[in-house]
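Look at the sequence and the model below.

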Amino acid sequence: MEHTNNKNVFLIKYGELAIKGKNRYIFENRLLSTVQKNLNTLGKFYVKKEQGRLTVEPADNNVDVELVIEKLSRIFGIIGIAYGTKSDEVSMDAIKQLAYEHMKDMNNVTFKVETKRSDKRFALTSMQVSAEVGSYLLDEFGDKLKVDVRNPEVTLMVEIRSSSYVYSKTYAGAGGMPYGTNGKATLLLSGGIDSPVAGWMVAKRGVEIDAVYFHSPPYTSERAKDKVIELAKKVAVYTGSMKVHVVPFTQIQMAIHDKCPHNQLTIIMRRIMMEIAQRIADKNKSLALITGESIGQVASQTLHSLVVTNDAANRPVFRPLIGFDKQDIINLAKQIDTFETSILPYEDCCTIFVPKHPETKPQLEYIKKSEENLQDIIEEMICESIVNTEVVEI
């Protein structure tokens, strides 16, 4: 049988954006442009919207299918990717031809046929199409195929839209919302396990993110900075790009160490980090901050400490890991491939100046009283740090 009209195709299945109302096209268009941008590095592809799906047709049928699926599986807003064949003709003959091509190299497998009929003008119902295609395949390959409707080895999917599609496997996507459809936030990115995961989680909800990293040479090495840049690259596999603002923080940390009670060092440092991060956020029209904090994980993340830290912020602070156990966070870090980088032994500024006996139940009035020791110098130091911030584009 010759089927020259058939084309290889990737069918992209939406996540929750499919239930959006009149502004759904905004999310679809963003997803389409993101898919096109990501695939441009692999060759020429035709990306189109079609009745609740995106279709991707490679210009070259010799495209690396696994590499395309890997790229698509990391794009937020996609819950599934199917690879199959398409016919521009919508008819039973065309569907049977597609099914024949798809199944002809399979031997001794059980199968069933499922049909989704988005085009209700099609004469047969979904069940009738499935029955007719199944019967046709048994007639053609009766010695190699056997029907099993309960636990088949192959489920042949037929989709009837403005074109006909056939495929038998769907690969999982990243889910979430199309990146950049829900505003912008700034991530306080350290070299630890938690903050990259927190950034990834918020980005998954469609929020564009950039990052702020506080660097304290010579107490933190260039390797610590390189580690953070590498973590940003790992997150950027999903976001496409990211700016990392590397803030020189040594002088501020030394001033806190010299002028404030040592048991309050971490909480005062965190408050000044919040102040710097939100000033950078202002410059970049970022609406919120993101941290990797989880209640009770360390002294600066007790509920009392979080309340005092929050006081330094004049915008929402998103803490997507707030109720996670450490193992939950580690599991996610492994899933998004940041874990092995995060555990490299290069310490960040948060770990260098940790006091032996940190305050776990700080009171805001006493923290502010201690901060008065910095009032003559801190504003100038903050401004100097921001001026000398290095921006690394990932």
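The report takes up helix packing, then individual residues.

This is a predicted model, in which local features need pLDDT of at least 70, side-chain atom pairs count only at pLDDT 80 or more, and totals for chains, interfaces and linings use all residues. Residues are numbered from 1 along each chain as its sequence is written, and side-chain values use heavy atoms, with hydrogens and water left out.

**Helix α9 and its cover**

Helices (H or I, at least four residues) and strands (E, at least two) are DSSP runs, numbered from the N terminus. Buried means under 20% relative accessible area, exposed over 50%, and partly exposed in between (1.4 Å probe, protein chains only).

Helix α9 spans residues 303–310. Its buried residues are Ser305, Leu306, Val308 and Thr309. Seen down the axis of α9, they fall within an arc of 165 degrees, so they line one face of the helix. That arc is taken over the directions from the helix axis to the C-beta atoms. Leu303 and Val307 are exposed on the other side of α9. The cover over the buried residues of α9 includes α8 (265–283) and α13 (364–371). Contact here means heavy atoms within 4.5 Å.

α8 packs on α9 at an angle of about 35 degrees, with the axes 9 Å apart. Axes are lines fitted to C-alpha atoms, for helices over the stretch in contact, and angles run from 0 to 180 degrees between N-to-C directions. From α8, Ile267, Arg270, Arg271 and Met274 make the contact; from α9, Ser305, Val308 and Thr309 do. By class, this contact has three nonpolar, two polar and two charged residues. Ala, Val, Leu, Ile, Met, Phe, Trp, Tyr, Cys and Pro count as nonpolar, Asp, Glu, Lys and Arg as charged, and the others, Gly among them, as polar.

**Helix α10**

Helix α10 covers residues 326–335. Ile329, Ile330, Leu332 and Ala333 are buried in it. Viewed down the axis of α10, its buried residues fall within an arc of 165 degrees, so they line one face of the helix. α5 (194–204) and α11 (339–342) are among what covers them. Aspartate 337 follows α10 and has a positive phi, near 70 degrees.

Glutamine 264 sits in the loop between α7 (250–259) and α8. Glutamine 264 is buried, with a relative accessible area of 9%. Beyond its neighbours within four places in sequence, glutamine 264 is in contact with Tyr366, Ile367 and Ser370.

Glutamate 159 lies in strand β7 (residues 154–160). Glutamate 159 is buried, at a relative accessible area of 0%. Leaving aside neighbours within four places in sequence, its contacts include Leu11, Lys116 and Tyr165.

The table gives side-chain polar contacts. A polar contact is a pair of N or O atoms within 3.5 Å; within protein, one must be able to donate a hydrogen and the other to accept it, and residues adjacent in sequence count only if both atoms are side-chain atoms.

| Side chain | Partner side chain | Distance |
|---|---|---|
| Glutamine 264 | Serine 370 | 2.5 Å |
| Glutamate 159 | Arginine 53 | 3.1 Å |
| Glutamate 159 | Arginine 161 | 2.8 Å |

**Cysteine 383**

Cysteine 383 lies in helix α14 (residues 378–387). Is cysteine 383 buried or partly exposed? Cysteine 383 is partly exposed, with a relative accessible area of 33%. Cysteine 383 and asparagine 314 are 69 residues apart in sequence and 18 Å apart in space, C-alpha to C-alpha.
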